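Me: I have a structure open and would like to go through it step by step. Could you help me read it?

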Amino acid sequence: MSLLEVDTLSIEVHGAPVLRNVSLTINAAEIGGVVGESGAGKSMLGKAILGVLPRDARITHGAIRLDGQDLLSLSARHRRKLQSRTTAFIPQDPLTALNPCRTIGAQLAEVLPPTPRAHRLAEVIRWLDAVRIPSAAKVAKSFPHELSGGMRQRALIAAAFASHPRLVIADEPTTALDATVQKDVLRLIRELQQDTGVGLMFVTHDLCVVAKICQSVTVMHGGRIIEQAPCDQIITAPRHAYTRALLAATPRHDETGRGLEPIPPALLEQLITEAGTGNG
Amino acid sequence: MTRFALSLASIGLTLLGVSVVVFAILRLVPGDPIAMMLPPGATDEVRANLERLYGLDKSIAQQYLIWLGDVVRLDFGTSTQFRLPVLEVILDRLPATLELVLLASLIAGLLAFTLSILAVWLQTPLATFVIDGLSGLAQAIPDFLWALIFILIVTLFLPNMPISGRFDPRTAQEFSTNFFLLESLVTLRFQAFAELMRYAILPATALALPLAAGITRVLKSSLEEAMAQDYVMLAQTKGKSRLTIVLGEALRNAMVPTIALTSVQLTFLIGGTVLIERQFSLPGIGSAAISAVLNRDLPLIQGIVMIFALIFILINLSSNGLYKLADPRLRKPR
Amino acid sequence: MSDVERFALSKETGTGSGLERSAESVSRLRLIFGGLVLGLLLIAALFAPQIALHDPTLDDLFLINMPPAWLNSDPGYYGIDNPWAYPLGTDSLGRDVASRLIHGARVAVIVGVSVACLAATFGVILGAVSGFYGGWIDAIIGRIVDVWLAFPPVLLSIILVALLGTTLTSVIIVVAVIDWTRFARVVRADVLQQRSRDYIDAARITGGSDFSILTREVLPNILPLLVTLFFFEIGIAIVVETILSFVSLSVSSGAVTWGDMIAEGRRVLNEAWWVMTFPVAALILTILALNATGDALRYYLDPVLRK
Ligand SMILES: Nc1ncnc2c1ncn2[C@@H]1O[C@H](COP(=O)(O)OP(=O)(O)OP(=O)(O)O)[C@@H](O)[C@H]1O
Ligand SMILES: [Mg+2]
């Protein structure tokens with residue numbers, strides 16, 4: 001049994017489909033990549049799994065199972081309680097994902113599993129150390145605006161892993177960061193994932209990153225899955241034209257590690273029509 | 001420390017400006033205070049004596065400097081109407097006004113926080129519509145008119161509800177201060193407190209409604225803005241309920257704009273006591289101000305205006321401190 | 001004005017965000033309601049002598065405190081045949097409430113519109129001067145605004161009117177002199193903001209004068225807010241006039257005002273509730289209509305709100 005199973009999930013916002021028949025599995029101790037351009041529905045998929053869809057989004061079909069438990073059949077309260085212990089989220093933008101009015105320590109402490117009050121600060125500092133934040137004791141008492149973007153993202157990563165989840169969803173966790181910081185943060189996430197053995201769903205624009213860390217890849221476009229395969233197969237032998245275009249648009253594995261370049265509109269047009277018929 | 005000194009200097013400057021303006025208005029504009037005090041057919045000699053007594057025989061600049069010198073020694077002169085020191089009149093009546101303001105602010109805050117948190121928590125179109133409509137209505141109609149509406153309703157439908165005075169003189173209570181409401185609470189005389197509240201609730205609510213509406217509007221839209229932020233979604237993934245998130249995450253972030261508006265509107269509320277006290281015959285400094293104007297009681301007007309100005313300035317100043325308390329980004333970097 | 005205040009001000013006069021979805025239809029409803037009421041008010045003000053059934057100042061000792069027509073069970077007692085000749089009843093001097101209401105609309109419109117025009121003109125000019133020239137001019141005007149805001153406005157207007165004399169002109173001048181800061185703050189803040197933008201520099205380099213920047217860049221930008229404030233100001237002025245009457249500083253004898261009616265009605269409230277009720281209702285309706293119109297016009301004029 002896989003850790004996460006998304007089964008033919010469809011979501012509409014105001015009647016317009018944003019996810020169509022999306023299926024995906026992620027095993028424990030494994031990283032599954034999800035790639036696709038802006039608007040492909042990657043974040044929507046992540047929010048659906050976490051149970052934080054916007055109010056106007058409606059699940060029209062499908063199931064989401066975590067350890068075999070169907071999440072969509074649970075009551076909202078029960079699901080919230082279950083998922084607060086089993087799933088965690090690393091957001092894209094560390095600027096807006098931390099509450100500006102509360103200290104880093106307070107925001108980290110509340111995700112810790114029940115800990116005696118006296119040990120909480122020590123535990124918080126231990127986690128800040130674990131994500132290699134310098135002078136952790138001081139940072140714990142700091143407010144978000146007093147930290148750099150990279151430090152904030154590290155704190156968010158610490159918060160994601162500190163609840164001892166089974167599944168972590170990272171939604172473009174490096175996009176908002178400097179190129180040099182990106183690599184460190186990426187390495188950090190990978191190390192923590194390996195140490196803790198969680199399943200990780202890694203959402204990104206960047207096939208290059210996927211190639212480095214993922215075991216399997218899901219390529220999405222327009223709310224559908226275009227191609228789904230083990231990582232090396234996608235890189236060496238992509239079957240779908242859209243994936244090939246993505247690969248072609250990805251700069252060679254260079255040190256700057258920039259994201260995607262835009263796909264030419266004409267090709268995009270053609271790919272969209274293909275996607276409409278290609279995957280059902 | 002220098003910043004504190006600067007803001008103190010700024011207060012002083014504004015107060016000085018207020019005093020010059022009010023002095024100039026009262027002396028340069030026609031209107032004869034002495035004539036108001038003279039019995040009919042008084043001789044010129046009596047008049048001259050009175051003028052000398054109140055210092056009106058000197059030039060305006062001299063009068064101002066003398067008055068300013070006295071004010072610095074906390075001597076605001078003598079009320080021509082009550083024939084008592086101005087400071088004594090003010091201190092005697094200030095408690096009634098302060099209690100009114102305090103009660104009104106409490107009512108406004110309670111209404112506003114309950115309604116806007118409710119609207120953001122429930123998130124239903126109906127709740128939003130009702131709360132927006134109510135606050136729109138409460139804000140459009142000024143406190144003066146709310147008071148008239150209340151008086152009308154009470155007169156027509158609730159003849160037992162008092163609409164005049166602070167308490168029933170027949171059931172006179174023993175109070176050692178003029179803070180009746182507070183004193184009855186502190187000394188645990190709850191029956192007296194309830195009786196006093198019956199008198200205080202209508203004027204306080206009339207004052208509170210526009211402020212409540214103002215706070216509701218800002219607080220609600222700031223809360224909505226905060227609830228759309230990423231950290232709220234992250235809090236959801238941590239298993240917090242919506243109400244917990246509204247109270248624990250969004251509220252703090254919505255406080256700065258709310259404090260900014262509240263401090264501006266609180267000064268309107270305090271200015272509003274002038275009329276409300278008159279409408280409900282409350283013995284505060286507001287009603288004293290109006291009777292001072294009608295009776296050309298210049299020293300009392302000056303004193304009361306200066307007190308109002310001081311209160312206004314203090315409110316603006318403390319709101320600056322409150323911003324920093326509410327939002328760490330506005331604090332000085334450590 | 002600090003950012004925080006600016007923000008608060010924009011919120012204060014903004015339309016409620018909860019209704020955004022139906023902002024269009026709400027604005028239309030507001031405009032219809034406001035236009036209807038204000039239209040009636042204007043007609044009453046313009047044609048008061050033609051519409052009113054009676055002389056609003058004519059006492060009649062036989063008609064004292066006569067109730068409104070639909071409650072008047074015994075018109076013969078007052079010596080009249082048709083109670084509908086006095087639809088809203090009479091006051092303690094036997095004057096027709098309806099006729100007084102209609103004539104009172106005149107004073108309300110005159111006071112409201114003149115005050116709003118004066119205060120807006122003052123405020124826009126001083127705010128623009130303050131924003132464009134900066135330096136010591138800005139400091140002085142800013143200090144004046146501070147001093148102004150340190151006065152309770154109602155008390156100040158009572159003092160000024162008491163001293164200047166209770167004529168229509170002095171009421172208008174006093175309220176305008178007190179309320180210009182409302183406009184000045186908005187204009188100054190926007191001038192400062194516009195000046196910090198690049199295209200203003202460009203306009204300056206190509207020889208645009210401050211005046212042309214004011215008329216071409218600043219005013220169009222804040223026009224929606226100014227229009228809203230203008231309508232609010234009309235309402236404020238009408239209420240202040242009422243308040244002055246209420247504290248027995250009524251506009252000089254002869255003119256009929258809602259404030260006089262309310263003050264008189266308050267005295268006889270126990271015997272004749274209708275004397276106060278109708279002018280209060282008229283006043284509330286007028287204020288709500290002014291607010292609704294101001295908000296609706298802002299929505300229609302502001303491309304940002306309309307999206
Ligand atoms: N709150 C929302 N309300 C309505 N539609 C939304 C909302 N959020 C997203 N959508 C729509 O859902 C679709 C998928 O959006 P999503 O955010 O999942 O894309 P994405 O793949 O994460 O893109 P990006 O790479 O830019 O983050 C888009 O077409 C978007 O317009
Ligand atoms: Mg996304």
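Me: How many residues of chain B are in contact with chain C, and how many of chain C are involved?
Reply: In this predicted model, 49 residues of chain B are in contact with 41 residues of chain C.

Me: Which elements of chain B give two or more residues to that side?
Reply: They are α1 (2–28), α6 (125–140), α7 (143–157), α9 (190–227), α11 (242–279), α12 (285–294) and α13 (298–326) of chain B.

Me: Which of them provides the largest share?
Reply: The largest share comes from α11(B), with 10 residues.

Me: And what classes do the residues on the chain B side fall into?
Reply: The side of chain B that touches chain C has 36 nonpolar, nine polar and four charged residues.

Me: Let us stay with α11(B). How does it cross α6 of chain C?
Reply: The axes of α11(B) and helix α6 (residues 153–164) of chain C come within 7 Å and cross at roughly 55 degrees. Because of that angle, α11(B) is oblique to α6(C).

Me: Which residues make the contact?
Reply: From α11(B) there are B:Gly271, B:Val274 and B:Leu275, and from α6(C) there are C:Pro153, C:Val154 and C:Leu155. By class, this contact of α11(B) with α6(C) has five nonpolar residues, one polar residue and no charged residues.

Me: Now chain B by itself. How many helices and strands are there?
Reply: Chain B has 13 helices and zero strands. Its C-alpha trace spans about 85 × 55 × 40 Å along the principal axes.

Me: What domains is chain B divided into?
Reply: Chain B is divided into domain 1 (2–72) and domain 2 (92–330). Taken over C-alpha atoms, the centres of domain 1 of chain B and domain 2 of chain B are separated by 33 Å.

Me: How many residues of each domain are in contact with the other?
Reply: In chain B, 12 residues of domain 1 are in contact with 11 residues of domain 2. On the side of domain 1 of chain B that touches domain 2 of chain B, α1 and α2 (33–37) of chain B each supply at least two residues. The most comes from α1(B), which gives nine residues to that side.

Me: What about the classes there?
Reply: The side of domain 1 of chain B that touches domain 2 of chain B has eight nonpolar, four polar and no charged residues.

Me: Next, α5 and α13 of chain B. How do their axes cross?
Reply: The axes of helix α5 (residues 86–122) of chain B and α13(B) come within 9 Å and cross at roughly 50 degrees. That angle is why α5(B) counts as oblique to α13(B). The crossing in which α5(B) passes α13(B) is right-handed.

Me: Which residues are involved?
Reply: On α5(B) they are B:Val86, B:Leu87, B:Val89 and B:Ile90, and on α13(B) they are B:Pro299, B:Leu300, B:Gly303, B:Ile304 and B:Ile307. The contact of α5(B) with α13(B) has eight nonpolar residues, one polar residue and no charged residues.

Me: Moving to chain C, at what angle do α5 and α7 pack?
Reply: Helix α5 (residues 135–149) of chain C and helix α7 (residues 168–195) of chain C pack at an angle of about 135 degrees, and their axes are 10 Å apart. The angle therefore makes α5(C) oblique to α7(C). Here α5(C) passes α7(C) in a left-handed crossing.

Me: Which residues form that contact?
Reply: C:Val145, C:Trp148 and C:Leu149 belong to α5(C), while C:Thr181, C:Ala184 and C:Arg185 belong to α7(C). The contact of α5(C) with α7(C) comprises four nonpolar residues, one polar residue and one charged residue.

Me: How many residues do chain A and chain B each bring to their contact?
Reply: The contact takes 21 residues from chain A and 15 residues from chain B. On the chain A side, α2 (76–86) and β6 (87–90) of chain A give two or more residues, and α2(A) gives the most, with four residues. The side of chain A that touches chain B has 11 nonpolar, six polar and four charged residues.

Me: Last topic: which residues are around ligand 1?
Reply: Among them are A:Val13, A:Val18, A:Gly36, A:Lys42, A:Ser43, A:Met44 and A:Asp56. Helix α1 (residues 42–50) of chain A gives the largest share of this shell around ligand 1, three residues. By class, the shell around ligand 1 has five nonpolar, five polar and two charged residues.

Technical notes. Residues numbered from 1 in each chain as written. Chains lettered and ligands numbered in written order. Predicted model: local features only at pLDDT ≥ 70, side-chain atom pairs only at ≥ 80, totals over all residues. Contact = placed C-beta atoms within 7 Å. Nonpolar A, V, L, I, M, F, W, Y, C, P; charged D, E, K, R; others polar. Near = placed C-beta within 6 Å. Axes fitted to C-alpha atoms, helices over the stretch in contact; angles between N-to-C directions. Parallel < 35°, antiparallel > 145°, perpendicular 65-115°, else oblique. Left-handed = near helix turned anticlockwise from the far one by under 90°. Domains from an automatic or database assignment.
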